[in-house]
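Thanks, everyone. Let me put the structure up and then walk through a few of its residues.

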Amino acid sequence: NPKKFLEKFELVLRSLDRHSKKHIAFFGDANIDLIKYKTDAHSQDLICKLENYGFVQTASKPTRITDHSATLIDHVYTNNFEVTKSCNVVTFDISDHLALCTTFELELPNSNKIRANMQPIAKKQKHARSAQTRIFNEAN
């Protein structure tokens, strides 16, 4: 039911509002066809809600194509369109929907801190790998 989805979706948008200074992106199969925006009240309501909370839809081409229709029901939203480098539809033969590949260019806030935090993880992984190797060698 699109009406119930839109009501719950607005609650999610409202909860994200306190994080508006952070880059937020979310995506999914909303089953609301944005190609019908001009004539569909649910599409208009969805886009209006998104705009009210500072989000934009980045996908613009159909994501589900059949012999009888082409719909844009898979969506990607962001509150920082400036870092969106691309949003492309990718053809895979594993579903009745096409995949979306979205690229964002993000800055790491403090790369030294991130590297420092990753070093202990890398050491733990190295020890875990050597322990796994010992267990494998002892078993054989």
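**A loop histidine and a helix**

Start with His19. His19 is partly exposed, with a relative accessible area of 23%. Keep in mind that this is a predicted model. Where does His19 lie? It sits in the loop that runs between α1 and β1. Leaving aside neighbours within four places in sequence, His19 is in contact with Ile24 and Asn79.

Now to helix α2. This helix covers residues 41–52, twelve residues in all. From first C-alpha to last it reaches 16 Å, close to the 16 Å expected at 1.5 Å a residue.

Which residues of α2 are buried? Ser43, Leu46, Ile47, Lys49 and Leu50. They cover an arc of only 160° around the axis, so they are on the same side of α2. On the other side of α2, Ala41, Glu51 and Asn52 are exposed.

What covers the buried residues? The cover includes α1 (2–16) and three strands: β1 (25–29), β2 (56–57) and β5 (74–78).

Take one of the buried residues, the lysine. Lys49 lies in helix α2. Its relative accessible area is 12%; buried means under 20%, so Lys49 counts as buried. Again leaving aside neighbours within four places in sequence, Lys49 is in contact with Leu6, Glu10 and Leu13.

Last, the end of the helix. Gly54 follows α2, and its phi is positive, near 85°.

Technical notes: Residues are numbered from 1 along each chain as its sequence is written. This is a predicted model: local features need pLDDT of at least 70, side-chain atom pairs count only at pLDDT 80 or more; totals for chains, interfaces and linings use all residues. Side-chain values use heavy atoms; hydrogens and water are left out. Helices (H or I, at least four residues) and strands (E, at least two) are DSSP runs, numbered from the N terminus. The expected span of a helix is 1.5 Å times one less than its number of residues. Buried means under 20% relative accessible area, exposed over 50%, partly exposed in between (1.4 Å probe, protein chains only). The arc is that of the directions from the helix axis to the C-beta atoms. Contact means heavy atoms within 4.5 Å.
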